[in-house]
Every structure is written in structure tokens, then in C-alpha cells.
Protein chains: 2
Amino acid sequence: MTSRCWVPVPEDSPFTLHNLPYGVFAPDGGAPRVGVAIGEHVLDLARALDDDTFARPALNAFLAQGRDRWRDVRAKITALLTDASGRDTVEPALHRADRVRMLMPFEPADYVDFYASEHHAANIGRMLRPGQEPLTPQWKHLPIGYHGRSGTLVVSGTDVVRPWGQTRPADGAEPPFGPSRRLDIEAEVGFVVGTPSPRGTRVGVDDFADHVFGVCLVNDWSARDLQAWEYVPLGPFLAKSFATSVSPWIVPLDALGAARTAPPERTEPLRPYLRDGEDWGLDLALEVRLNGQVVSRPPFSAMYWTPAQMLAHMTVNGASLRTGDFYASGTVSGPGPRERGCLMEITWNGRDPVTLPDGSTRTFLEDGDEVAITATAPGPDGTRIGFGEVRGRVVAQPLRTED
Amino acid sequence: MTSRCWVPVPEDSPFTLHNLPYGVFAPDGGAPRVGVAIGEHVLDLARALDDDTFARPALNAFLAQGRDRWRDVRAKITALLTDASGRDTVEPALHRADRVRMLMPFEPADYVDFYASEHHAANIGRMLRPGQEPLTPQWKHLPIGYHGRSGTLVVSGTDVVRPWGQTRPADGAEPPFGPSRRLDIEAEVGFVVGTPSPRGTRVGVDDFADHVFGVCLVNDWSARDLQAWEYVPLGPFLAKSFATSVSPWIVPLDALGAARTAPPERTEPLRPYLRDGEDWGLDLALEVRLNGQVVSRPPFSAMYWTPAQMLAHMTVNGASLRTGDFYASGTVSGPGPRERGCLMEITWNGRDPVTLPDGSTRTFLEDGDEVAITATAPGPDGTRIGFGEVRGRVVAQPLRTED
């Protein structure tokens, strides 16, 4: 793409002409609507394209229209932003990004969380089951997943209230009850489903791009002490269901062509439904900041399972897809010690506190801590595109008079 | 209540004047709308009450209006059905139940499934962990739950497509892949949330009736062989997500006053947030039929955890509630051998086939099998009310050319 964008795009902006991510914004005093980020601006699509699909508080209507329409709208936006002759009519549809409020970009249907990083799963296994095989027997045969709470998906910037709950008691004692003392983050990548599929059918691993519209960042806040007490045998529940934060900009798959990469070599043969003909590994470079200081740089390219394999697995039993279904990768961790996507791994379950550049130390999150996760990916011609950020601050629950 | 209902109600009808359950029906050639069951008829509420809240394809708008409104509408319907002087104006709003089609009664938000029967959990423990304590250590301290897939909640009468998936391999072999060979039922009771609650707050155990509108029956179809391979450490996923059937009529809590009962004695002290001041055990008598033949009569009164405790636990971490949230009890099993709510218990994991009255035998479900679950409860003055049924037939997936 050699045509120039007439909207100024600063050199370090994540939102270049090659990106064009979608979100929902509220202009000052105006109703929420769909916009596309370009440089330091947000383009009001309903106005720029004269299309009511975008005059709504969620992307869902557009998501439901399918891949041909997604591509058509992307081409139209690219044309608007490169054809300087139309500038006078498009400019009134541009809002300065720092003057609008970003909202939850889609109305979530079901939310599924996977566990697709071998490094993360193996580290957790080593901590919780020392002396045993780090991975459970099925780990390399299928992408493990479970359903989360879609009602507590919140957009970046929303405060996260520290959850209360029961934790494992000492032998013979009653389970303690109170605020979680081991509140953690999980740096993840999320996938937004546009095109639905009927119950009783499967979505093939190579049909990924027909169903998934785009990608965003996720912080799957986790209370490790609640989880340790509750999770056998039916999995995490209250340890996760209090809040899951998502970034406001959904980067379309069509912007990620240069980011596609082969996943790591498979060390176990796969069932045919998981054998992918196309590479849907993604070379996304994540960065996790705690109170503004980098604590980790997890590489998404190290994920064992691709999002295309996650989708194929999620539907192989005949489960239907709805527009707005959302699934996340699970914690993104690479092989290196500074590539781990959660504090549980970084501090080895609290044993080795991490020292931040400002000299403060942490095992798990304290009230007032702010976590921000960002990511960039290769764009065309050596450029990079970015995902913006998912950010959240931990706050205490209001005072209780009783437990 | 001594006033008489002018709509004829057969003596064995589950839908007496004391019940008045809500559902969504489509009259022949008409748009879906909210109705109330009375005897062999369905009352079109939008027409009978001249109220647009009910001219919709889901109960959600009414559910969101809260408890005072629920009671007000119930009183109005009772008045309409007992005041014979208004008969001429109400009769045109009555449809014969056998001439309408029942639809999914509410648009589900999140779906949570609990594991609240001690008899069920202990039986599963004895089968899967022989020689160990049947219950996991936290079982009597909190109601264990996990999130399910709300997108595959289906109304009674919907065929259930047998799921395919991976199962546990013999040592060193590849995991087999194919249709589940251990497809099971779980007879459960479900609870529909009306009044929402904000994130970061809790719903107290005694606020149950302010938030939960009503009760229905659930069949949580389960593929035991898929579950055994996938569920450690994050819980059931594909084993459950292909379909969960619900009965079409939601019995309001206000109809269940005579069914309320104390739960079984607690053998462990409870944290204050789970200590209930009101009895929300429910004396519901379930009946499970396989191809028309009774295989089990599970008593809901034997459940260790009440629905009020489930709700308090689900929100104690600050998780919000949305209108349309739905949660189910988990398999209802009583202490007796013919009181078990799933085939895994009835046949002791397939070891002891059950012989049906017609001489056929089953371990797990075969294609073509139809399962129906019904329930009744005490009404006022020695009467009984009923829940109708949740029914579903197992069908094979269409032929595959590859796995």
C-alpha cells in the first residue's frame, strides 16, 4: 500500500493506515458509536460512511455482517483516508482521541478462556505438582479451555475491585474469608467472533478467518488463593469471575497479514480437526507494565496452540458460535524469565519477589496498583502496528461490617 | 385463596391457579410473545393485560422490572382468571396449549452450573477416586460451581446432537476421536435471575427472592468420556457445551411458598455469608423418564446447598448479576438407588446396566433415546403444582468424511 494518509499519524503511533482497529467511543456529550482509530484521531464511521450500522453502542451488528463486508468497509475507510480530495467532507467525522471516552467495543455472548502457552502451563505444573510431569496428559493433544463470565468483561480503564472469598484452611481449621491476598494478572490475547455457526456443526481449523473478526488484549485478573481452594474438580470460578479487562480497539485479522507465523513445532501428532493448513500463529510482542514499569515482555509467537486451533476445538463437539462470542488465549508466557505473563510465574508463586526499577517490590498486586498491557505486531514493509493497551487499577472493596 | 378459576383446569394439570408459570409461545402464524399457563391453555399477557412488556420474544424485559412488579402482575392475572365477569374480554387472549409452540423463555446472559447434591458428588467421588474421601475438602464449605455455555441453552423439545471429541487413550496410543460413547443426562433445577446487581457488590443470602424470579427444569447433557480426558485442571468444557435443555415454563418463586423447606442439617459450620435466615430448600419431586419409562425419582429437598446460598456464593467475590443470568443446581440425587439424577450414578459408571420396564437395557444414551424430566411441588391446601417437562431426543451428527 503506497498511498499516503492525509490524517497526520505520528511515527510512534500504533494506529497507522495499515491497522485501522475498530472500537466504540462516546464523543463529548454524544451517544456511543463505532469508530476507527487513525493516529491521534477516531473516525466516526456512521458519519464518514453514512451508514447506520455504526451508529450503535457495540460492534455486533457489523460483526454479524461477515467477512466480505468487513473487507469492503476496510477498503472504503482506506480510500477515505488516502483520497485527500474528500478531506473536507471527512474531517468533520474525525474526533481527537484524547477528547472521547472509549467503551466496551462489543456486547459479549459467551466467553471462553484457553490455556495455550506451553511455557505457562509447564511453569504452573512445576509449581503446583513438583516432581511430576509439568503438563497434564492431554495438554499437547487439545487446547484446554473453560468458560468464563461474560457479564464481568470490562473495558480498559475500569477499576478492578479486589475480590473477597474463602481460601484453603490450615488442617482442621475453618477456611479463612477475606480479601484475596494473591491477586494476579494474566496477560492474554483475545479473539472476537463475528460470523455465527449453527449448533450440531463444526468450524474447521481453516475457516478461522471467516468467523473471527479481530484481536484485542486481555487481562484475566486472577485470585490465586481463591482458585487454589475452589478449583478441584470443576475449574476456576470466583477466582476469575469478578473482572476480565479488554482493550478498547479490535484489530481486524486483515491488518495482521504480516504478523502471521508458524506456531512452534508440534511434539505430538494432532487429530485431523486440529491440523492447520494455514499458519495462524501470530508474532505479537506484548509488554506488561506495573505502575508504569515494565515487568515482562511475553511473545505471543511462542504459543503452542493457535487461535484457529482453539476455534476448531471449541466447536468440534457441535457447540454453536454466536456473534459476540469471545475467547482468550490464556496467559502468554515465553521461555525466558522476563517473558512470563503473570506474577505467579514471575515471582514463582510468591517465593521470589520482583524488584521494580523504582525499587519497590511485589509478589502479588497491592491496592492502588495499576497494570497496563500493550502489544505491537509487524505491519507491511517493516512498519509496526499496535493494539493500544488494556489497563486497570486495583481498588479495595468498600468496608464490610461483617463477612 | 378460595376464589375459583373460570378457565377449566383438569385435576391432574400441573398448571393450576396457584402456579401461573411464565413462558414464551408462538401462536399459529403469530409472533413470539409472553404467556402464562393455566390448565390446558396459555394466556397471552400482552393482550390480556394490554401491556407491551409481554409482546416480546423473551421474558427479560419483565424480569428486569423487579419483584414488586412481578407480584403486581401475578395479582392481576389471578384477578383476571377468577373474576368471571371479565371472561368475555379475557377469553380471546387464551390459546389452547396444544396449538402453540413453546420457545426459549428468556435470553440467557451468563450460565453457571453448581454441584450442590451431596449424594451426587459423593457417588462421583466414590467412582472416580475409590478409597479416598468421596467429597473434596472444600465441598461442605462452599457450593462448587463453574460457568457453562449460555449460547447452547435450548428449549425442551430441541433435538440434541451427539457430540464428537477426543477421549482418553490407552497408554502410549493416540487419543481416540469420534462420537461420545458415554452420553449422559443430568437432572437439574434452574434459577432465572431478574434483578441485576452491580460489579463490586455482593447479593446477600437473604436477598435471594429480590433477585431470582423463578425456577425451571434442566437437563445438563454430559459426555462422560470427553469429560474424563479434558477436565483436569480447568473443569468440564466440550463435555457439556454442546447443549443444555431447559423447560419452557418458569415457575415464579411466589408460587413456591408451600414448597419451601429446611435444607439438610449442615455438618460443617458455614461462613456468615452462607448462613441463611430463611429456608430456601425446595421440596420438588423430580421424575426422570427414558423413552417413557421412569428410571429415577430424585428429590430436590435432599440438596445440601440451597439456591439462595448458590446466589450468595456466586456474587461474594463482587461478580455482578445481569437480567437473564441463569444458574442450575447440578445433578439432583437423593440417598436411594432409584433417586439418582444421572445414568453414571444409576449404572455405576456403566458397570451395572439398568433394565427398563420394557426389558431394554442401558448404560449410557443411544441415538434415538428420548429423555423427559418432570417435577411437582406442594401447592397451598394440599394441592400440587407442576413444572411441566424438559424433554430432548439424542440424534447422531450428520455423517463425516473425515475426523
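Guide: Residues are numbered from 1 along each chain as its sequence is written, and chains are lettered from A in the order in which they are written. In this predicted model, local features need pLDDT of at least 70, side-chain atom pairs count only at pLDDT 80 or more, and totals for chains, interfaces and linings use all residues, while side-chain values use heavy atoms, without hydrogens and water.

Visitor: How do you know how chain B is related to chain A?

Guide: Copies are superposed by least squares on the C-alpha atoms of residues with pLDDT of at least 70 in both. Here a rotation of 180° with 0.0 Å of shift along its axis puts chain B on chain A, with RMSD 0.0 Å. The two copies are therefore related as by a two-fold rotation axis. In chain B, the C-alpha nearest that axis belongs to B:Gly235, at 2.1 Å.

Visitor: What makes A:Cys5 count as buried?

Guide: Buried means under 20% relative accessible area, exposed over 50%, and partly exposed in between (1.4 Å probe, protein chains only). A:Cys5 has 18% relative accessibility, so A:Cys5 counts as buried. A:Cys342, with a relative accessible area of 0%, is buried too.
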